[in-house]
Amino acid sequence: MEDEIVAPGVDLLESMRSVGYSLSAALADLIDNSITANAHSIEIDLEPILAEHIAILDDGHGMTPAVAREALRLAGSVGERTRSDLGRFGLGLKTASLSQGRCLTVITRRDGQTTGLQWDIDHIAATQTWSLQRLTGAELRATPWYDRLELRESGTLVVLRKLDLLLGDAKDPGGLIRQRGLELSADLSLIFHRFLARRRDRIAISVNGVEVKPLDPFVTSNSRTQESPIQYIPVDGEQVAVTAFTLPHPSGLTPAERRRHDLGEGMRDGQGFYVYRNERLISHGHWYGLARMTEISKQTRIRVDIPNSLDHLWQLDIKKSRAEPPASFKVELRRLMDGVLERGRRVHTFRGRRSGPAEVTHLWQKVLDRDGIRYDVNFKNPFVIAALSTLDTYQAEKVNRLLNVLADGFPSYDLYAEMAKNTSPATTRSADEAVTESLRQIRESGLLGDDVASVGAALAHTEPFDTIPDLLEVVEQIWKEPRVEAQRPTDRTKAAPQTATRRRQP
């Protein structure tokens, strides 16, 4: 058997452009190279008027001419990979760049020496050769942002031009690329949030002169975020760190946090696993088939940290935007899921009530029937009883019917839609005013007696009073007020019933 060398045709570069990079994924791949080069400042310029170029400039250690040439070679290797290396296949610089434009220019400085190389697909197609162009001094100086690189001891400048795939047939290229810039900043703030938030060795990224701020998906700065202890799962001789986070209920988020899309309308899509490779976010927003994307689980996010030595097991793609865990790891994750999801469920069903041996007497009671669930007014709640006790039987029956009609008309689907958007409930009156009026009504009814301690103990397990931190003090103050003679039911009726039965249509 004889070997025959079959070199790839120059049309391969055109084919490589269809890998499926978004602008954010492409530039994130280039930023990976800058971080691997120990850069601390990474500036991105999307030319906003005619959209003629995208420039990425860093202050990393740069490359020698030989290393730069190897970096531009398809599947080239620029040295032995370290455990902190963010690279993968040796294709990112080329495929990411050419996925946006037809011309890739790389200019790099190291040890006072400047090297400029360029892949131009139109030039390659015209010559029908794999022709890597070396830039002259004049061509270097004509390259956008070269003057900034020239002032540095070391660094690398990547310039993308002929942005055909990025711009398409846009009638306003400048407007399109400005919008892409806003989207890019938002994406990079999440992908590199751990680098951007470091106290030491912090990485600074800017887009068109505006600094990219870190977007922590786990909201760890909020004291109501629940963080589980780190668990280490062995995979092929390495340790994968897994940390679960339960985000606060919308009522526990700050106004600034509620304005975030991923904590508002986008929270449902933000649940699931967040897979990081050397602290760089690879993929997020899915459960790998281990759970469903539901409203109840939307508060749950799980951080998974994998080393680059496990790339072969995690099926990391060229774009570094997807990673599929190995089957053995899924088995271990499934074991952790129940407890993690239960904490997320409790965010929706537990409202921070006082702990104690007695159950809370709610204002609403959930009823299961053959048609599903419904919520009825709880006529055993002392607040409801106190309100009805001042009415005669005829009046109480009218109020009972009104409460049942209101319960039947409860806008469940609208509430579901609003909660899906993490809309915070608003009150029409101050909480203090509402509590004061309710307590006075209970006091005048005589339902709980005059002993302040007993009244406080009873109301501590009664909605809506169970969430008041200084309840006993408020009760004592109200119970000391002069009594107002309440109008009792007239003689023509019996006293209002203490409980009521809901009437439902057959």
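Q: How many salt bridges does the count come to here?
A: The count comes to 27 salt bridges. Keep in mind that this is a predicted model.

Q: OK, what does Asp 120 pair up with?
A: Asp 120 makes a salt bridge with Lys 162, and their closest N and O atoms sit 3.0 Å apart.

Q: And where in the chain are those two?
A: They link distant parts of the chain, 42 residues apart. Asp 120 belongs to strand S4 (residues 113–120), while Lys 162 is in the loop between strand S6 (155–161) and helix H8 (164–167).

Q: Is Asp 120 buried or exposed?
A: Buried, because its relative accessible area is 10%, and the cut-off for buried is under 20%. Lys 162 is partly exposed, at 35%.

Q: Switching topic: what goes on between Arg 260 and Asp 262?
A: Their side chains meet in a salt bridge, 2.8 Å from N to O. Both Arg 260 and Asp 262 are buried.

Q: What about Glu 332, which residue does it bridge to?
A: That would be Arg 335, with the closest N and O atoms 3.0 Å apart.

Q: Where do Glu 332 and Arg 335 lie?
A: Both are in helix H12 (residues 327–349), 3 residues apart, or about one turn of the helix. Glu 332 is partly exposed at 29% relative accessibility, and Arg 335 is exposed at 54%.

Q: Which residues do salt bridges with shared partners join into one network?
A: Glu 14, Arg 17, Arg 102, Asp 120, Asp 122, Lys 162 and Asp 164.

Key: Residues numbered from 1 in each chain as written. Predicted model: local features only at pLDDT ≥ 70, side-chain atom pairs only at ≥ 80, totals over all residues. Heavy atoms only, no water. Salt bridge = Lys/Arg side-chain N within 4 Å of Asp/Glu carboxyl O. Helix = DSSP H or I, 4+ residues; strand = E, 2+ residues; numbered from the N terminus. Buried < 20%, exposed > 50% of the residue type's maximum accessible area, 1.4 Å probe, protein only.
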